[in-house]
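Biologist: I am new to this structure. Please take one part and look at it closely, then connect it to the rest of the chain.

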Amino acid sequence: MRVLLVEDDDGVASALAEALYEHGHLPIRVRRGQEALTRYRHADLLLLDLGLPDLDGLEVLRKLRAVSGVPVVILTARNDERSVVRGLHLGADDYLVKPVRVAELLARMDAVTRRIPDQAHAAPRTVIAGDVEVDLTARRVLVAGEEIRLTTKEFAVLAVLAARAGTAVSRQQVLDEVWGDAYLAVSRSLDVHLTQLRAKLGRPDLLTTMRGFGYRFGG
Ligand code: CA
């Protein structure tokens with residue numbers, strides 16, 4: 001498969017590229033996060049380093065997940081729990097701590113790409129609650145058949161909750177997915193966006209606040 005290798009360290013990248021090539025894959029190597037965001041369309045899977053020279057790898061992942069479900073395996077020297085948990089919350093399919101053993105990497109890559117069809121089936125693209133319809137692919141929201149205009153951030157907040165309809169989502173997770181690393185500065189603005197969303201949707205019971213935890217979309 002075509003593997004986009006996002007890695008700024010030349011030694012690590014060339015060793016990995018060689019190993020991938022030897023095992024029948026087609027590695028495409030880029031050094032910067034920004035390049036990953038322009039070239040992911042040409043890849044079947046991304047191997048994503050977190051410590052990149054321009055953007056943090058988690059930021060790359062967050063931006064990528066707003067537009068693509070391409071499988072992503074994080075390769076990181078960081079084994080701190082918070083980075084790993086955030087990576088998985090942001091939609092990474094797996095992670096490996098460097099140095100990586102080639103056999104394990106290949107096995108994980110296989111497992112991740114095998115899982116994809118199931119995930120595509122399991123993830124609903126349109127979420128319906130009463131007369132509210134949230135189309136996650138077209139990024140459209142209909143209330144009683146009328147399209148509601150939302151800002152990008154309002155839609156992002158709604159999408160995080162609607163994608164897990166009926167499930168409690170923590171405030172932290174919403175902040176992580178919508179704002180990434182900047183969340184400390186914007187914690188208040190999540191409240192503002194939710195107030196706006198409730199006003200625009202006109203369905204006060206649709207987005208439930210769970211005191212001291214977070215929010216829930218629908219049931
Ligand atoms: Ca690095």
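Modeller: Start with Leu-161, a residue of helix H6. The model is predicted. Is Leu-161 buried or exposed? Its relative accessibility is 0%, and the cut-off for buried is under 20%, so Leu-161 counts as buried.

Which residues touch Leu-161, once neighbours within four places in sequence are left aside? They are Val-169, Val-174, Leu-194, Leu-207, Tyr-215 and Phe-217. Arg-216 is also worth a look. Leu-161 and Arg-216 are 55 residues apart in sequence. In space, their C-alpha atoms are 6.3 Å apart.

Now widen the view to the helix. H6 runs over residues 152–162 and is mostly covered. Eight of its 11 residues are buried. Glu-154, Phe-155 and Val-157 are among them. The buried set also includes Leu-158, Ala-159, Val-160, Leu-161 and Ala-162. An α-helix has 3.6 residues a turn, so residues three or four places apart point the same way.

Val-174 is one of the buried residues of helix H7. H7 covers residues 171–179. This helix is mostly covered too, with seven of its nine residues buried. Besides Val-174, the buried residues of H7 are Gln-173, Leu-175, Asp-176, Glu-177, Val-178 and Trp-179.

Compare that with another helix, H4, which spans residues 81–89. Gly-87 lies in it. Gly-87 has a relative accessible area of 1%, so it is buried. Leaving aside neighbours within four places in sequence, Gly-87 is in contact with Leu-58, Leu-61, Ile-74 and Ala-92. Gly-87 and Asp-110 are 23 residues apart in sequence. Their C-alpha atoms are 19 Å apart in space.

Loops can hold buried residues as well. Ser-68 sits in the loop between helix H3 (57–65) and strand E4 (72–76). Its relative accessible area is 14%, so Ser-68 is buried. Ser-68 and Leu-5 are separated by 63 residues in sequence and by 17 Å in space, C-alpha to C-alpha.

Next, the metal site. Which residues give the protein donors of the calcium ion? Asp-8 and Asp-49 each provide OD, and Gly-51 provides O. These donors lie 2.2 to 2.4 Å from the calcium ion. In sequence, the donor residues are spaced D-x40-D-x1-G. Asp-49 counts as buried because its relative accessibility is 5%. Gly-51 has a relative accessible area of 39% and is partly exposed.

Most residues other than glycine have a negative phi, and most peptide bonds are trans. Where does this chain have a cis peptide bond? Lys-98 and Pro-99 are joined by one, with omega about 0°. Pro-99 is in the loop between strand E5 (94–97) and helix H5 (102–122).

Arg-139 is not a glycine, yet its phi is positive, near 55°. Arg-139 belongs to the loop between strand E7 (132–135) and strand E8 (140–143). With a relative accessible area of 40%, Arg-139 is partly exposed. Ala-144 is not a glycine either, and its phi is positive at about 50°. Ala-144 is placed in the loop between E8 and strand E9 (146–147).

Finally, step back to the whole chain. How many helices and strands does the protein chain have? It has eight helices and 12 strands. The radius of gyration is 19 Å, close to the 17 Å that the globule rule gives for 219 residues, so the chain is as compact as a globular protein of that length. Along the principal axes, the C-alpha atoms fill a box of roughly 55 × 35 × 25 Å.

Leu-161 is buried, and buried residues make up 42% of the 219 residues in the chain. Take the contacts between residues at least 6 apart in sequence: 54% of them join residues at least 24 apart.

Note on methods
Residues are numbered from 1 along each chain as its sequence is written. This is a predicted model: local features need pLDDT of at least 70, side-chain atom pairs count only at pLDDT 80 or more; totals for chains, interfaces and linings use all residues. Side-chain values use heavy atoms; hydrogens and water are left out. Donors are N, O and S atoms within 2.8 Å of the metal (3.2 Å for Na, K and Ca); water is not among the atoms, so sites may look incomplete. Buried means under 20% relative accessible area, exposed over 50%, partly exposed in between (1.4 Å probe, protein chains only). Helices (H or I, at least four residues) and strands (E, at least two) are DSSP runs, numbered from the N terminus. The radius of gyration is taken over C-alpha atoms; the globule rule is 2.2 Å times the number of residues to the power 0.38. Contact means heavy atoms within 4.5 Å.
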